[in-house]
Amino acid sequence: MSGEPDALAIVNQLRDLAADPLNRQAIVQDQGCLPGLILFLDHPNPQVVYSALLAVRYLAECRANRERMRGELGMMQSLENVMKKTTTPGETKLLASEIYEILKSACNAEADQAEQASYRRKTQFFLGATNKRAKTVVLHIDGLDDAACRSLCEEALLKIKGVISFTFQMTVKRCIVRIRSDLKAEALGTAIASTKIMKAQQVVKGEDGNEVMISFEDALVEVEQNTDLPDYLPEEESPSKELDKAVSRVGIKQDASGWLNTAANFLTRSFYW
């Protein structure tokens with residue numbers, strides 16, 4: 001078992017993979033990952049349970065996944081158990097309840113739309129209607145070399161008012177950032193430059209389909225600080241119109257596929273189905 005990832009490491013990696021919309025259907029279709037996440041919902045470590053719920057919440061944002069997720073053995077029962085357990089923290093219960101309602105209404109289009117409107121008004125995890133007009137920016141960050149640099153980058157991005165969520169690809173020094181449509185990408189460059197040890201370039205697709213790096217050095221802007229927002233702000237399902245321009249997921253399908261296999265193998269060895 002030397003070098004074997006523990007439960008929290010596995011579930012955190014699945015959560016990070018699920019944060020990318022391109023990975024969500026692959027995770028649900030995988031033979032072992034969704035059943036594994038369901039088992040994690042009954043884990044004795046509260047952090048594992050919460051991280052697993054975040055992963056499931058990301059997966060549920062893809063409408064094509066919901067019917068299959070709802071029908072997966074143990075999914076709805078496990079969510080009910082999390083909600084009913086007296087030792088479950090309130091924030092965890094809220095997230096489990098939100099997922100339960102989304103999956104419960106998956107077979108009824110009208111009910112689903114009503115639930116979408118309801119939970120967007122009530123839940124603390126969303127910025128609100130502005131998410132509908134969110135866009136995705138892909139950054140290449142020079143100096144993003146280790147966990148310490150990643151932590152500094154996270155702190156800088158979290159301070160920007162209008163940042164919804166972000167996902168790192170450390171192997172290629174990339175960060176995929178979901179932001180409000182009225183926030184300029186230059187604000188991200190300014191925030192990262194404020195770390196003094198990193199600088200960012202925006203990655204876009206040129207007319208020939210190849211990647212182009214756009215420097216922010218001559219376009220730094222004033223950044224509006226984030227003063228009163230919740231700790232976690234997941235992106236909403238609706239895709240950005242600019243997604244085809246802000247693309248550069250170099251190797252992401254291969255990385256995700258390989259890691260899904262690793263996770264599935266670990267889950268198979270760790271649990272009896």
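1. In the contact between helices α4 and α7, V49, Y50, L53, L54, V56, R57 and A60 of α4 meet E91, T92, L95, A96, E98, I99, I102 and L103 of α7. Contact here means heavy atoms within 4.5 Å. By class, the residues of this contact are 11 nonpolar, 1 polar and 3 charged. The classes are nonpolar (Ala, Val, Leu, Ile, Met, Phe, Trp, Tyr, Cys and Pro), charged (Asp, Glu, Lys and Arg) and polar (the others, Gly among them).

2. The model is predicted: local features need pLDDT of at least 70 and side-chain atom pairs count only at pLDDT 80 or more, while totals for chains, interfaces and linings use all residues. Residues are numbered from 1 along each chain as its sequence is written, and side-chain values use heavy atoms, with hydrogens and water left out.

3. The axes of α4 and α7 cross at roughly 30 degrees and come within 10 Å. That makes α4 roughly parallel to α7. Axes are lines fitted to C-alpha atoms, for helices over the stretch in contact, and angles run from 0 to 180 degrees between N-to-C directions. Angles under 35 degrees count as roughly parallel, over 145 as roughly antiparallel, 65 to 115 as roughly perpendicular and the rest as oblique. The crossing of α4 past α7 is left-handed, a term used if the near helix is turned anticlockwise from the far one by less than a right angle (right-handed if clockwise).

4. T92 lies in α7, residues 90-104. T92 is buried, at 7% relative accessible area. The cut-offs are under 20% for buried, over 50% for exposed and in between for partly exposed (1.4 Å probe, protein chains only). Apart from neighbours within four places in sequence, T92 touches V49, Y50, L53 and V82.

5. Helix α3 (residues 33-40) packs on helix α4 (residues 46-60) at an angle of about 140 degrees, the axes being 8 Å apart. That makes α3 oblique to α4. The crossing of α3 past α4 is left-handed. On the α3 side the contact has L34, L37 and F40, and on the α4 side V48, V49, A52, A55, V56 and L59. The contact of α3 with α4 has 9 nonpolar, no polar and no charged residues.

6. How many of the residues of α3 are buried? The number is 7 of 8, so α3 is largely enclosed by the rest of the structure. The buried residues in α3 are C33, L34, P35, G36, L37, I38 and F40.

7. R15 belongs to helix α1, residues 7-18. Its relative accessibility of 22% makes R15 partly exposed. With neighbours within four places in sequence left aside, R15 is in contact with S51, L54, A55 and Y58. The C-alpha atoms of R15 and A52 are 6.8 Å apart, although the two are 37 residues apart along the chain.

8. The whole structure contains 1 aromatic pair. The rings of F166 and F168 have centres 5.8 Å apart and planes at 75 degrees, so the pair is edge-to-face. Rings of Phe, Tyr and Trp (its six-membered ring) pair if their centres lie within 6.5 Å, with planes under 30 degrees apart counted as stacked, over 60 as edge-to-face and the rest as tilted. F166 is partly exposed at 22% relative accessibility, whereas F168 is buried at 10%.

9. On the chain as a whole, the secondary structure comes to 11 helices and 5 strands. Helices (H or I, at least four residues) and strands (E, at least two) are DSSP runs, numbered from the N terminus. Of the 273 residues in the protein chain, 46% are buried. Among contacts with a separation of 6 or more, 73% are between residues 24 or more positions apart.
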